[in-house]
Amino acid sequence: MTQDQQTIIEPSDAGSGASPIAGEDPAMSRVLRRETHSSRAGAATIAAVLVIILCVLALLESALRAIGQPPWLIDPSTAAERIIALPAGMPPLLLGASGAVIAMVGLFFLLHAVLPGRRARHLLRDPRTAVVVDDEVLASALARRARTAANVTPEQVMVIVSRQSVVVNVRPTSGSRVSEEAVLQAVQSELDEMSPFPMPAVRVNLSTSGVVGA
């Protein structure tokens, strides 16, 4: 197996002569945060519905017990006794499955609460308006610039854009030399023109195994 060559350009200083982001205005900060971060509304709604259901069920069972009626599902005191007596009276398989389900639900809500939940989007510097662009759009523009500089087909270039980095993978045509520096400079120039925030670092991977040209 062959190893790809790698060249890295570190991101330029965001504050050195760069145009301001309209979203830096406090009035736009909430809008931009909503566009660049995933909403917690879905998880919060699920949690609220579960709590409401449990509270309504407990209230219903308590009311039935207070008026001397048989429980609808289970008597609250009986349920409390069974919980205290765990794991007695419960098959190990059912106990393990129940624990796994509860752990997964808890992990789901924990991750939604702790992780930043950033979407695959970048802000573009513009002094007049707030511009939010998907990373896929950035990757498409950078790939077009890279394949022009490398003089290859679209299938021979793949660009991956993340919050802090841009990875350009190029497979040259067999018998044709590709200037790694030219690709690097072309992609960096395109990135500087768009001025995404935060500015990612650029890395070019030039494969040593080429493809057969048409």
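Helices here are DSSP runs of H or I with at least four residues and strands are E runs of at least two, both numbered from the N terminus. By that count, the protein has six helices and seven strands, running β-α-α-α-α-β-β-α-β-β-α-β-β from the N terminus on.

A quick note on provenance: this is a predicted model, where local features need pLDDT of at least 70, side-chain atom pairs count only at pLDDT 80 or more, and totals for chains, interfaces and linings use all residues. Residues are numbered from 1 along each chain as its sequence is written, and side-chain values use heavy atoms, with hydrogens and water left out.

Now for one helix pair. The table gives its geometry, with axes fitted to C-alpha atoms over the stretch in contact and angles running from 0 to 180 degrees between N-to-C directions.

| Pair | Angle | Axis distance |
|---|---|---|
| Helix 2 (residues 41-66) and helix 4 (residues 92-114) | about 140° | 10 Å |

That makes helix 2 oblique to helix 4 (oblique is what remains after under 35 degrees, roughly parallel, over 145, roughly antiparallel, and 65 to 115, roughly perpendicular). Ala 43, Ile 46, Ala 47 and Leu 50 of helix 2 meet Phe 108, Phe 109 and His 112 of helix 4, contact meaning heavy atoms within 4.5 Å.

Over in strand 5 (residues 165-170) sits Asn 169. Asn 169 is buried, at 18% relative accessible area (buried means under 20%, with a 1.4 Å probe and protein chains only). Leaving aside neighbours within four places in sequence, Asn 169 is in contact with Gln 156, Val 157, Met 158, Ile 160 and Asn 205.

Methods
Buried means under 20% relative accessible area, exposed over 50%, partly exposed in between (1.4 Å probe, protein chains only).
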